[in-house]
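The structure is shown first.

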Amino acid sequence: MHPWARRAHPASPIPASGCHLAVRCCYLGLRLYSSPQLRARDVLALTVPPVLAAGLLTGAALLPRTALPTDRTIAAQVLLWVLAGIVDYVVGQALPLPPRMIFPARHWTERHDLIVITALGEVLTAVGIAGSRLTNSVGLLVASALAVVVAGTRTCR
């Protein structure tokens, strides 16, 4: 056993399940805030599946701290992860909820443009970081320009 496996490691599943719960709570808070007309039944249908899924993920994260054998721990974790996915997504989609507002096409094209701008910015950053360790030459400038052109044509389709 590695020395870091005995103590809480930043990449352990416990903080990951906590982050999942925090993201789901933010989503639920925004959804409840933006839908004041929801009835109590609708609020339960929105909140119960994610909370149950977060509990299953936390249980899966805590399993390695039990006395179960390693092979059973892994199998139980996979089972809990699958159950969490089923509860969160399948049950959440199957429950009756009031219809959500569908945004017009203009909204989605604007979002796509923002994603393209972000992708191009990431390409420029990557080219700058990769080229910072090389000496300046015509070949480097041509390769950098081609990388930006290729990224631009692939993201603008």
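Read along its sequence, the protein chain follows the pattern α-α-α-α-α. The model is a predicted one. The chain has five helices and zero strands. Of its 157 residues, 21% are buried. Among contacts with a separation of 6 or more, 69% are between residues 24 or more positions apart. The protein chain exposes about 11,600 Å², and carbon and sulfur atoms supply 71% of that area.

**Helix α4**

Helix α4 covers residues 105-131.

A nonpolar patch on the surface is formed by Ile74, Val78, Leu79, Trp81, Val82, Leu83, Ile86, Tyr89, Val90, Val91 and Leu95, which together have about 970 Å² of accessible area. Ile74 lies in helix α3, residues 70-94. Its relative accessibility is 48%, so Ile74 counts as partly exposed. Gln77 is also found in helix α3, but Gln77 is buried, because its relative accessible area is 10%, under the 20% cut-off. Leaving aside residues up to four places away in sequence, Gln77 touches Ala60, Ala61, Leu63 and Pro64.

**Salt bridges**

Side chains of opposite charge can pair when their charged atoms come close. The structure holds four salt bridges, including those in the table.

| Pair | N to O distance |
|---|---|
| Arg24 and Asp88 | 2.9 Å |
| Arg39 and Asp42 | 3.7 Å |
| Glu110 and Arg111 | 3.4 Å |

The side chains of Arg24 and Asp88 meet in a salt bridge. This pair links distant parts of the chain, with Arg24 in helix α1 (residues 13-34) and Asp88 in helix α3, 64 residues apart. Both Arg24 and Asp88 are buried.

Arg39 and Asp42 belong to a network of salt bridges that also includes Arg41. Asp42 has a relative accessible area of 3% and is therefore buried.

Note on methods. Residues numbered from 1 in each chain as written. Predicted model: local features only at pLDDT ≥ 70, side-chain atom pairs only at ≥ 80, totals over all residues. Heavy atoms only, no water. Helix = DSSP H or I, 4+ residues; strand = E, 2+ residues; numbered from the N terminus. Expected span 1.5 Å × (residues − 1). Patch = residues over 30% accessible without salt bridge, like charges linked within 9 Å, V, L, I, M, F, W, Y side chains within 5 Å. Areas by Shrake-Rupley, 256 points an atom, 1.4 Å probe, with all protein chains shown as cover. Buried < 20%, exposed > 50% of the residue type's maximum accessible area, 1.4 Å probe, protein only. Contact = heavy atoms within 4.5 Å.
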